[in-house]
Amino acid sequence: MNTDSCIVIVGAGLAGAEAAFALRDGGYEGRIVMIGREAWPPYERPPLSKAFLKGELARDRLWLRPAKSYADENIELHLGTEVTAIDRAQRCVHLDTGAVLGYDKLLLATGGEARLLTIPGAELDGVCELKSLDDADRLRAGLVEGRSVVIIGGGYVGMEFAATACQAGCAVTVLESQSRVLSRSLSVVVSWYLQSEHERRGVRVLTQSSVVHIEGDECVNAVVLSDGTRLPADLVLVSIGNEASDALARGGSLPVNRGIVVDREGHTTDPHVFAAGDCTVSRYEGFDAPLRLESVQHATLQARRAAAAMLGQPTGRDEVPWFWSDQFDIKLQMAGLSLPGDTELVRGDPCSGRFSVIYQNANRLTAIQCVNASADFAAAKKMIAERRRFAPALLCDPLVSLRDVRLSRMVDEPIR
Ligand SMILES: Cc1cc2nc3c(=O)[nH]c(=O)nc-3n(C[C@H](O)[C@H](O)[C@H](O)COP(=O)(O)OP(=O)(O)OC[C@H]3O[C@@H](n4cnc5c(N)ncnc54)[C@H](O)[C@@H]3O)c2cc1C
């Protein structure tokens, strides 16, 4: 690409910023224009439900890069600006300012949007979501000791927020429609452990509950369930998952399947258009449908790969997907992707507050969920990537570290 060329990045979040700097690191000398709807420069979202919400992390520690690094790398950052449409035939994007901007390559890094709750009262003041820094500011102001907080949705953000609200001295209730929290992504053992730890610290968790409406005049004052239960509420967090922000791709007739369909390098079906991060779905071995992974690691990796692919450079090796969550003093770390036929093994004693759930198939580790067990996590990530076989009895023996299991030739035994 020559120095007159222009790469436009839609979305000034993690994937957008990673891609912009990776393009410069890769030697790209043309124009890079990053357009972001939010008023803030690219920032880290994980602390929004953790340290930032607790007031333990200052706002200026959220920025992914110092403000001056964009100018230093000649990355044009247009904040508070939305891309409203893409025109693939003309290779340009339309902005809400009325401006039209041409591109040689386009990266869609638009992330996801909080799924909306469509019940009466969902629009009342005090009913919030937690996706952005502005949302976190609003919620932080509402976390006042003695207040009643109701969280609709026992997913990661909901459970992290519950922990933070409980630590702030609020009376917290989590409403989950399934029979257990985090049922879509965690084993029964880990999800029950988390629920019981929340309950032990005073969080009330109501599973199989269905919210029918939210009461209040202007401000929320209660959440009503289908069985008639009325829960007083000063603050409500709606945290029922995210949907990919794929409207631009849909409008531009690019393939979309609950996310922008991309390959490993972030290519769409248009050689000039790439996508990365939470807005994408891609194929993974063993899965029939494309998957949408929402994590820091995935967005970072995919953005770097898309940048390399735009420059025609090697895109690096595959990495095992991983994710983390912090709730109270519990560190949850997960790696790999488990499939329905996998066997679950528990390593360590959940009562000790430190254990892992290992998924294996034909004696190969496919995934792990670790509770306060960072050493298991670090070793298992490598074991999953190496796809070697290990004797299940050794994987479950808490007296032998997974690191030793991995390094010891003795245990890499032939499987009968
Ligand atoms: C509260 C919270 C806690 C989290 N905790 C963890 C965690 O513990 N561990 C972990 O691995 N992950 C965590 N995540 C997920 C992680 O932050 C995301 O996976 C990551 O931010 C995805 O990066 P992204 O660039 O794809 O999307 P985003 O970071 O969402 O950025 C997308 C940006 O694009 C902008 N945009 C969208 N459409 C347009 C448009 N048309 N024009 C202009 N701009 C547009 C959006 O406003 C947004 O700023 C958390 C997320 C949240 C919200």
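Two strands are taken to pair if DSSP finds at least two bridges between them, and it is in this sense that the strands of the predicted model are described here. In strand β24 (residues 355-361), Ser-356 is the bridge partner of Arg-347, a contribution to the antiparallel arrangement in which 5 bridges join strand β23 (residues 343-347) to β24. β24 also pairs with strand β25 (residues 364-371), again in the antiparallel sense, over 7 bridges, and within this pairing Ile-358 has Ile-368 of β25 as its bridge partner. The hairpin formed by β24 and β25 has 2 residues between the strands, and Ala-362 in this hairpin takes a positive phi near 50 degrees. Because 6 of the 7 residues of β24 are buried, this strand is largely enclosed by the rest of the structure.

A further position, Thr-173, lies in strand β11 (residues 171-175) and counts as buried because its relative accessibility is 8%, under the 20% cut-off. Leaving aside residues up to four places away in sequence, Thr-173 touches Val-149, Val-150, Ile-151, Arg-204, Leu-206 and Leu-231.

The protein chain as a whole has 11 helices and 25 strands. Its radius of gyration is 23 Å, close to the 22 Å that the globule rule gives for 416 residues, so the chain is as compact as a globular protein of that length. Of these 416 residues, 51% count as buried, and among contacts with a separation of 6 or more, 59% are accounted for by residues 24 or more positions apart. The accessible surface of the chain comes to about 19,100 Å², of which 49% belongs to carbon and sulfur atoms.

Key: Residues numbered from 1 in each chain as written. Predicted model: local features only at pLDDT ≥ 70, side-chain atom pairs only at ≥ 80, totals over all residues. Heavy atoms only, no water. Helix = DSSP H or I, 4+ residues; strand = E, 2+ residues; numbered from the N terminus. Buried < 20%, exposed > 50% of the residue type's maximum accessible area, 1.4 Å probe, protein only. Contact = heavy atoms within 4.5 Å. Rg over C-alpha atoms; globule rule 2.2 N^0.38 Å. Areas by Shrake-Rupley, 256 points an atom, 1.4 Å probe, with all protein chains shown as cover.
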